[in-house]
Amino acid sequence: MSMYGTDKRHHTLTVLVENKSGVLARVASLFSRRGYNIFSLAVAPSDNPKFSRITIVVDVESAPLDQIMKQLDKLIPVVSIRELDPADARERELLLATVEAGPDTRGQVIQLVGVFEGKIVDVGPAHLSVMLAGAPSKLDDFEDLIRGYGIVEMQRTGRVALPMLDRVDHRGQPATGTADTTEKAG
Amino acid sequence: MELTGAQALIKSLEMQHVEVMFGLPGGAILPVYDPILDSSIRHILVRHEQGAGHMAQGYAQVTGRPGVAIVTSGPGATNVVTPLADAYMDSTPLVVITGQVATTSIGTDAFQESDITGITMGITKHNWLITDAADIPRIVSEAFHVATTGRPGPVLIDIPKDIAQSTMEWYWPSPGDLDLPGYRPVTEGDPALIREAAELLLTAERPVIYAGGGILKARAADALRELAERTGIPVVTTLMARGCFPDSHPLCLGMPGMHGNYTAVTAMQKSDLLIALGSRFDDRVTGRVNAFAPEAKIIHVDIDPAEHHKVRRADVAIAGDCRLVIEELLMALESLGLSHSDATRGGSGGTPSDAVAGATAAAGSVAAGFPREGLAPWRSELSAWQKRFPLVYDQQPGAGPLKPQFVVEQLRDRTPEDTIVASGVGQHQMFASQYWQFDHPYTWVNSGGLGTMGFAVPSAIGAKVGRPDKMVWAVDGDGCFQMTAQELVTASSERIPVKIAILNNAYLGMVRQWQEMFYEERYSEVYLSPDLPDYVGWAEAMGCVGIRVESSDDVGAAIDKANSVDDRPVVIDFRTDAFEKVYPMVAAGASNDDIMVDPSQVGGNPA
Ligand SMILES: Cc1ncc(C[n+]2csc(CCOP(=O)(O)OP(=O)(O)O)c2C)c(N)n1
Ligand SMILES: [Mg+2]
């Protein structure tokens, strides 16, 4: 099982919220109050300045997905929620790590970063800082392999996601398997 | 027209047709209190802000209009946290206005600063911190809209002192100006699901309507009655729904749940179809969830889709307003062949309840004479249970201990039938709910979901303010009374003639009952004393009439005397039997199959 939510009991919710102060606190408070587990959470402005997008990876074993979505939907500043099944979504995440890279292992670390198509973003006498963007499962694999060299510090952003495009009809409609909430709770 | 933020706030409340608010001023809210002097809105000065919140709840529960409370920052604001949590649990529409320190001081731990929007995030439907006086009319409009539509609930508006003092150009928003892009409550149910529900309704053999507080919120009592009478399906009314269907109706089974009557509890257990209307499968109703109504299919109508499948998976889950959905359901039933003429309005077969002392005055029998002949065996089974397991107690005349149930029955029989009853939380609450005969909606004011001791006195005051035309009695416990009794000073000074019956058993009785039954009679911190405080002296000191009753012989006269007082509150200190227990009872965590009836009814085979 991955620590970062790449297995089946994790679902990705992309939540469009009003860009008002306290919105993130409301979402976080709802999750903690109702005992829902968050695996990762990413917030960023959307293409409309009135709204932000929160991408939440939830553990659907802590509560049924249906409940999590409906309770979230009851928050007044939550405008819409879309559930992305990992199988039908393009998910990406960014990893930054500072790793031990003394003279003996430096070459191997650089090679590993190269294999994963990552980048070296900083160089010190005994350390390298590396960056890797990609599917969360790829980041998991990279992390497992790089750990052997010694991770000094690591940060992952949590994932963002878009629905997969339909291969037949390229009108940009959401592919099957995505669910838009249709009704709002009172 | 240029107004200060404070003036704009009060004017906005006037625009919302607020007629009364309950509150207490302080530093941060001072600017808002000045225009109150010039306003048409009545302000009732409470003695503790918790009282303001519960009064607003009582007002809202009996009128259906949102209750308004106004308090200062810091301790004033934190004192309304309990009423907000209570209103959130019971879906009561409230608008609470709190003062806040100036925006320039927020975050500095200024005097009487508290993060009240943060504190109340999880116990309000929504809350707002105003940061610009120009937003006031819009935010007030949004607040009332959110509080009263969809699933109603409490909202809070936090107004910093400098915002109240700054100026704005007055306007009044039209509905389209509200900025609530994420708020679209559903109202009408899905016709396909309603048809599915109608089909289930017509084929079930042991159906029960499980009516909850949502019926009252949706003002659906008439629609519910029509549904019950047209289908002949019996109705249970939860603690939150008492009065939404008349207790005297032959199809009424009364209250289910932990202290519900045997028939209501068992009817649900044995049912093959539960029609949950505005009810939410609360643990106090279901008992152990995985043993609850094991054979029942579930139709669940609720305006809040998050209630569907939360506790119990529904076979047909309809999101919508209860009144609209029931009306649509009736039309669907008609199109499926259940015609109007099948209905026997009012029910012909209900035998009048025999007024045997000690027996409940609930419905006589679940009568024949209703449509759906196929339900006759079910209704006769229910009648048999009602006969075998009525609510019972044993009031010996004269010197025997005064039974709390006897007091409630006397109150019921000696007051107008549409009297509003408020209660606290404990044994007295259960006795009130069990033994009162609720024949009208909006006559029961109660803290159901949160179970807040001290709710009765202030909520009764708020109810009387909302319905001055009705008699309002609070049935309170001695423990509860001591938590909020100071509001009787408010009632005396405002000439609000509420009446309080303290069922004074000298104990935190409900807790004592649990310790007796489940902790081997090890009584830990539950004794209160019958005469400390001196309730009559205390009542008189607060400007009320105080009466003490120790014998069952004096109950009637005391109630009659209280009913004749109309210029001040009355408190009756009924010294009741300390060892009376509430039955029936389903122990916490037990299955409803293991309902414990009154010991006098044990023996024989209940099924
Ligand atoms: C604020 C609060 N504190 C504690 C409780 C737990 N509690 C539930 S019932 C009860 C006893 C109430 O005593 P009293 O008002 O005398 O009523 P009785 O049960 O004796 O009728 C207590 C302590 C509660 N419900 N609310
Ligand atoms: Mg007591």
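Start at Arg575(B), which counts as buried because its relative accessible area is 17%, where buried means under 20% relative accessible area, exposed over 50%, and partly exposed in between (1.4 Å probe, protein chains only). Its salt-bridge partner is Asp573(B), with 3.1 Å between the closest N and O atoms; a salt bridge here is a side-chain nitrogen of Lys or Arg within 4 Å of a carboxyl oxygen of Asp or Glu. Asp573(B) is buried too, at a relative accessible area of 0%.

Before going further, a word on the model: it is predicted, so local features need pLDDT of at least 70 and side-chain atom pairs count only at pLDDT 80 or more, while totals for chains, interfaces and linings use all residues. Residues are numbered from 1 along each chain as its sequence is written, chains are lettered from A and ligands numbered from 1 in the order in which they are written, and side-chain values use heavy atoms, with hydrogens and water left out.

**Salt bridges**

Over all chains, the whole structure holds 41 salt bridges. Four of them are set out here.

| Pair | Closest N and O atoms |
|---|---|
| Asp573(B) and Arg575(B) | 3.1 Å |
| Asp567(B) and Arg568(B) | 3.2 Å |
| Arg156(A) and Glu93(A) | 3.0 Å |
| Asp304(B) and Lys74(A) | 2.5 Å |

Asp567(B) counts as partly exposed because its relative accessibility is 36%, and Arg568(B) is also partly exposed, at 33%.

In chain A, Arg156(A) forms a salt bridge with Glu93(A). This pair links distant parts of the chain, 63 residues apart: Arg156(A) sits in strand β8 (residues 151–156) and Glu93(A) in strand β5 (residues 89–100). Helices (H or I, at least four residues) and strands (E, at least two) are DSSP runs, numbered from the N terminus. Both Arg156(A) and Glu93(A) are buried. They also belong to a network of salt bridges that takes in Asp140(A), Glu143(A), Asp144(A) and Arg147(A).

**Where the chains meet**

How much area do chain A and chain B bury between them? The figure is about 2100 Å², 55% of it on carbon and sulfur atoms; buried area is the accessible area (1.4 Å probe) that two parts lose on being put together, summed over both. Chain A gives 23 residues to the contact and chain B gives 25 residues, with contact meaning heavy atoms within 4.5 Å.

Three salt bridges cross the interface of chain A and chain B. Asp304(B) pairs with Lys74(A). On the side of chain A that touches chain B, α1 (23–33), α2 (65–74) and β4 (78–84) each supply at least two residues. The largest share, five residues, comes from α2(A).

**A loop serine in chain B**

Ser551(B) is found in the loop between β19 (545–549) and α23 (555–564) of chain B. Ser551(B) is buried, with a relative accessible area of 16%. A polar atom of its side chain lies 3.0 Å from the backbone nitrogen of Asp553(B). Leaving aside neighbours within four places in sequence, Ser551(B) is in contact with Gly398(B) and Leu402(B).

**Out on the surface**

To finish, look at Val123(A) in strand β6 (residues 119–123) of chain A. Val123(A) counts as exposed because its relative accessibility is 54%.

Key
A polar contact is a pair of N or O atoms within 3.5 Å; within protein, one must be able to donate a hydrogen and the other to accept it, and residues adjacent in sequence count only if both atoms are side-chain atoms.
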